[in-house]
Amino acid sequence: MRTVTLYIATSLDGFIAGPGGSLDFLESVQAAGEDYGYAAFTEGIDTVVVGRKTYASVLDMGVPYPHAGKHVFVYSKQLNTTADHTVVHSGPPADHVRELKCLPGKGIYCEGGADIAHQLLRAELIDRIVLSIIPVHLHAGVELFPTGELPPGWLAQDRIVYPSGLIQTTYLKA
Ligand SMILES: NC(=O)c1ccc[n+]([C@@H]2O[C@H](COP(=O)([O-])OP(=O)(O)OC[C@H]3O[C@@H](n4cnc5c(N)ncnc54)[C@H](OP(=O)(O)O)[C@@H]3O)[C@@H](O)[C@H]2O)c1
C-alpha cells in the first residue's frame, strides 16, 4: 500500500500560517542552496493531496506551479475547475485518500493545510509526518494541531537541526 506523508512547516508556537494566511515567516530560514530535503522528498511522491485554501496560497506565490507533472487532487466544495494540472475532488478527503492508497504508484504527499491534515490524521491515513519547526513565534494564524501538539501515537525517528535554526523531525506511527 502507498504511504501518505504530511510534510509541513510550523512556527515555534505551532502555526502553519500567520494572520491573513501569511507565509512570510518561512523567509526567515531561506538560505541559498538549502531546501531542507524538499526536492529529495518530492522525488519519492507522484501524488499530492491538498485543501483548496493551501492550493490557492501556492498559486498566489506567483511562481510556476511546483507540482506540475504529478497527480494533484484539490479538495473543495466550491471550486469547479482548476488549472489543467489538478483535479478537484468535492467529496470527503479521507474516503478519497483511502482509495488512492490502494492504487499502484509512488508516495502520496499531504501538502496541507491544517483542515485536510486533521481529517487524514483522524482517519489514520497519514503514515509519516515530516515537521519542520521554524524558529519564529507567530502568536496567531492557522494552527496545525488544535491541542498545540502532535496527537498521541507518533514517535520521533529522526531529527535534523539546521544552521538556520530550523529543526526537522520525522515521526512514524508508534
Ligand atoms: N507552513 C506550511 O508548511 C503550510 C503548508 C500548507 C498550508 N499552509 C497554509 O495553511 C493555510 C490553509 O490551511 P487551512 O487549514 O485553513 O485550509 P486547507 O486545509 O488548505 O483547505 C481547507 C479547504 O479544503 C476543502 N475541504 C475541507 N474539507 C472538505 C471536504 N470534506 N470535502 C471537500 N472539500 C473539503 C474546503 O474547501 P472549500 O472551502 O473550497 O469548500 C476547505 O475550505 C494557508 O494559509 C496555507 O498557506 C502552510
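# Reading the helices, loops and contacts

Author: Lys53 and Asp60 are exposed residues on the face of H2 that is turned away from the buried side of this helix. Exposed stands for over 50% relative accessible area, buried for under 20%, and partly exposed for what lies in between (1.4 Å probe, protein chains only).

Reader: What kind of model is this, and how are residues numbered?

Author: The model is predicted: local features need pLDDT of at least 70 and side-chain atom pairs count only at pLDDT 80 or more, while totals for chains, interfaces and linings use all residues. Residues are numbered from 1 along each chain as its sequence is written, and side-chain values use heavy atoms, with hydrogens and water left out.

Reader: How many helices and strands does the protein have?

Author: Helices (H or I, at least four residues) and strands (E, at least two) are DSSP runs, numbered from the N terminus. The protein has four helices and 10 strands. Read from the N terminus, their order is β-β-α-β-α-β-β-α-β-α-β-β-β-β. The radius of gyration is 15 Å, close to the 16 Å that the globule rule gives for 174 residues, so the protein is as compact as a globular protein of that length. The radius is taken over C-alpha atoms, and the rule is 2.2 Å times the number of residues to the power 0.38. Along the principal axes, the C-alpha atoms fill a box of roughly 40 × 40 × 30 Å.

Reader: What share of the residues is buried, and what share of the contacts joins residues at least 24 apart?

Author: Of the 174 residues, 41% are buried. Contact means heavy atoms within 4.5 Å. Among contacts between residues at least 6 apart in sequence, 70% join residues at least 24 apart.

Reader: Which residues of helix H2 are buried?

Author: In H2 (residues 52–60), the buried residues are Thr54, Tyr55 and Val58. Their arc around the axis is only 100°, which puts them on the same side of H2. Such an arc is that of the directions from the helix axis to the C-beta atoms. The cover over the buried residues of H2 includes strand S3 (45–51), strand S4 (71–75), strand S5 (86–89) and strand S6 (107–112). Just after H2 comes Gly62, with a positive phi of about 75°.

Reader: Which residues of helix H3 are buried, and what do the buried residues of H3 pack against?

Author: The buried residues of H3 (residues 93–101) are Pro93, Ala94, His96, Val97, Leu100 and Lys101. They span an arc of only 160° around the axis, which puts them on the same side of H3. Their packing partners are strand S1 (4–11), S3, S4, S5, S6 and helix H4 (114–122).

Reader: What is to be noted about the backbone between Gly112 and Gly113?

Author: The peptide bond from Gly112 to Gly113 is cis, with omega near 0°. Gly113 lies in the loop between S6 and H4.

Reader: Is Tyr36 buried or exposed, and what is the phi of Glu124?

Author: Tyr36 is buried, at 9% relative accessible area. Its loop runs between strand S2 (15–17) and helix H1 (38–43), and Tyr36 has a positive phi of about 60° although it is not a glycine. Glu124 has a phi near 60°, a positive value in a residue other than glycine. Glu124 sits in the loop between H4 and strand S7 (128–134) and is exposed, with a relative accessible area of 61%.

Reader: Where is Ser164, and which residues is Ser164 in contact with?

Author: Ser164 lies in the loop between strand S9 (154–161) and strand S10 (167–173). At 28% relative accessibility, Ser164 is partly exposed. Leaving aside neighbours within four places in sequence, Ser164 is in contact with Val29, Tyr36 and Pro135. Pro135 is 29 residues from Ser164 along the chain, with 8.5 Å between their C-alpha atoms.

Reader: Which residues does Lys173 touch?

Author: Not counting residues up to four places away in sequence, Lys173 touches Glu124, Leu125, Ile126, Asp127, Gly153 and Trp154. Lys173 belongs to strand S10 and is partly exposed, with 37% relative accessibility. The C-alpha atoms of Lys173 and Ile126 are separated by 8.7 Å, and the two residues are 47 apart along the chain.
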